[in-house]
Amino acid sequence: MKKLLLLGTATVLLAACADMTPTQQRALTGTAAGAGVGAVAGAIGGNAGLGAAAGAGAGLLGGLLVDRSRQAQDQAFRQGFASGQQSR
């Protein structure tokens with residue numbers, strides 16, 4: 001029963017992410033990963049909640065920086081592709 005409930009929860013969470021933009025997905029991924037790592041580090045230090053909050057903030061920033069980098073790469077690719085098409 002627990003496995004079925006876990007599978008159902010995972011399915012609902014994944015379906016909820018289907019309509020998100022890539023920026024939103026990267027921000028959410030960074031926030032969740034940061035909160036997880038921060039909670040573990042905070043638990044070692046004695047305050048898991050504070051660690052999770054700090055980790056979530058850092059993860060959000062990291063996710064947005066990754067998104068900005070990915071957008072720049074995509075733009076450079078599109079410009080290079082368009083330049084190659086014009087050269088023909």
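Modeller: A crossing is left-handed if the near helix is turned anticlockwise from the far one by less than a right angle, and right-handed if clockwise. Here H2 passes H3 in a right-handed crossing; helices are DSSP runs (H or I, at least four residues), numbered from the N terminus. This is a predicted model, in which local features need pLDDT of at least 70, side-chain atom pairs count only at pLDDT 80 or more, and totals for chains, interfaces and linings use all residues. Residues are numbered from 1 along each chain as its sequence is written, and side-chain values use heavy atoms, without hydrogens and water.

Biologist: At what angle do H2 and H3 pack?

Modeller: Two packed helices are described by the angle between their axes and the distance between the axes. For H2 (residues 22-45) and H3 (residues 48-87), the angle is about 150 degrees and the axes are 6 Å apart. Axes are lines fitted to C-alpha atoms over the stretch in contact, and angles run from 0 to 180 degrees between N-to-C directions. H2 is therefore roughly antiparallel to H3 (over 145 degrees).

Biologist: Which residues of H2 are buried?

Modeller: Buried means under 20% relative accessible area, with a 1.4 Å probe and protein chains only. In H2 the buried residues are Ala27, Gly30, Gly34, Gly38 and Gly42, and their cover includes H3 (contact means heavy atoms within 4.5 Å).

Biologist: What follows just after H2?

Modeller: Glycine 46, with a positive phi of about 110 degrees, comes just after H2.

Notes: Helix = DSSP H or I, 4+ residues; strand = E, 2+ residues; numbered from the N terminus. Parallel < 35°, antiparallel > 145°, perpendicular 65-115°, else oblique. Buried < 20%, exposed > 50% of the residue type's maximum accessible area, 1.4 Å probe, protein only.
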